Amino acid sequence: MLSGKTALVTGSTSGIGLGIARAYASLGANVVLNGFGEAGQIEKLRAEIDETSPGEVRYDGADLSRQDAIEAMMGKAIAEFGAVDVLVNNAGIQHVAPIDEFPAAKWDAILALNLTASFHTIRLALPPMKARKWGRIINIASAHALVASPYKSAYVAAKHGIAGLTKTVALEVAEQGITMNAICPGYVWTPLVERQIPDTAKARGISEQQVIHDVLLHAQPTKQFVQVAEIAALATFLASDAAASVTGTVLPVDGGWTAQ
Ligand code: NAD
């Protein structure tokens, strides 16, 4: 389905991004992986995904909180493959603290990665997409693009921003064969969620087990974590020709969380 196409998935050394990168590679796309991690482990991962794919799988370790690094990564991918046909803005971080104790540096880091990085990747990906009259941009937002939870001010602000960015750019490129959508996962069991459990327990004065059951799963009527494969399946559909008319949407995959 994606053979001859090139997909760049930010933050794809772990969690949701890795699941999407694997799915796209298995469908024949060239894939550019990105994200942090131990060099040997990342190379093992890259080689393993490359084995499963008829396309090429490369890795770029750009730190997406830096504009110059984003420009270098996008420039290299476009020079090597002609275009990034499918751009998935997935890299993200979280910090949990009450607003009056929220470290300013954490606010800046979350806004830079979870919102501003997507502005840069999108503006750089668009010219070759326009030249090819085909493109897919998928932003991994969050249920927190639609509703809020306490103690996550920077994350919720950035994710609501991504929803607005998605709708705006979708309108700008609607006549050019390019779609842009946001996927809004509920809680998916990944390192990002695991890492926020101790701080959430501290902020709410409850145990870590209570965070899992009374905060995380409590939000989701299904009482189940969302699976990475479910997000990858929707990202695959959105990258397909069948999804040509799906644009400017902010799509929850959240076990019913935002229906409440
Ligand atoms: P994760 O921690 O497993 O993966 C995050 C990825 O981003 C990793 O590859 C990491 O190396 C990379 N990354 C971090 N900082 C980076 C930087 N400065 N530059 C480049 N890469 C960087 O997290 P995840 O849960 O898979 O989250 C992926 C996306 O999904 C995030 O945008 C997150 O907000 C969103 N999301 C996650 C959940 C969830 O429950 N896990 C729910 C809703 C939305």
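Predicted model: local features only at pLDDT ≥ 70, side-chain atom pairs only at ≥ 80, totals over all residues.
Tyrosine 151 lies in the loop between β5 and α5. Its phi is near 75 degrees, a positive value in a residue other than glycine. Is tyrosine 151 buried, partly exposed or exposed? Its relative accessibility is 30%, so tyrosine 151 counts as partly exposed.

## The chain as a whole

Stepping back, the secondary structure of the chain comes to eight helices and seven strands. A compact globule of 260 residues would have a radius of gyration near 18 Å, and the 18 Å of this chain agrees with that. Along the principal axes, the C-alpha atoms fill a box of roughly 50 × 40 × 35 Å.

Of the 260 residues, 52% count as buried. Among contacts with a separation of 6 or more, 74% come from residues 24 or more positions apart. As for the surface, the chain exposes about 11,300 Å², with carbon and sulfur atoms supplying 55% of it. There are 20 positive and 24 negative charges, and their mean positions are 3 Å apart.

Which residues have the most contacts inside the largest nonpolar core? They are Leu8, Leu64, Leu87, Ile122 and Leu126, in a core of 33 residues. The elements that give two or more residues to this core are α3 (67-81), α4 (104-132), α5 (153-172) and β6 (178-185). A second, separate core has 31 residues and includes Ala29, Val88, Ala232 and Leu234.

Leucine 87 is worth a visit in the viewer. Not counting residues up to four places away in sequence, it touches Leu8, Thr121, Ile122, Ala125, Met129, Arg136, Ile137 and Ile138.

## Helix α8 and its cover

Two of the residues named for the second core, Ala232 and Leu234, turn up again in helix α8 (residues 228-238). The buried residues of this helix are Ile231, Ala232, Leu234, Ala235, Thr236 and Leu238. What covers them includes α1 (15-26), β5, β6 and β7 (250-253).

A reminder on helix geometry is handy here: an α-helix has 3.6 residues a turn, so residues three or four places apart point the same way.

Glutamine 67 has its place in helix α3. With a relative accessible area of 41%, glutamine 67 is partly exposed. Leaving aside neighbours within four places in sequence, glutamine 67 is in contact with His120 and Arg123. How far from glutamine 67 is alanine 174 in space? The two are 107 residues apart in sequence, and their C-alpha atoms are 26 Å apart.

Proline 191 is found in helix α6 (residues 191-204). Proline 191 is partly exposed too, with a relative accessible area of 33%.

Note on methods
Residues numbered from 1 in each chain as written. Heavy atoms only, no water. Helix = DSSP H or I, 4+ residues; strand = E, 2+ residues; numbered from the N terminus. Rg over C-alpha atoms; globule rule 2.2 N^0.38 Å. Buried < 20%, exposed > 50% of the residue type's maximum accessible area, 1.4 Å probe, protein only. Contact = heavy atoms within 4.5 Å. Areas by Shrake-Rupley, 256 points an atom, 1.4 Å probe, with all protein chains shown as cover. Lys, Arg positive; Asp, Glu negative; His and termini not counted. Charge placed at Lys NZ, Arg CZ, Asp CG, Glu CD. Core = buried A, V, L, I, M, F, W, Y, C linked by side-chain atoms within 4.5 Å.
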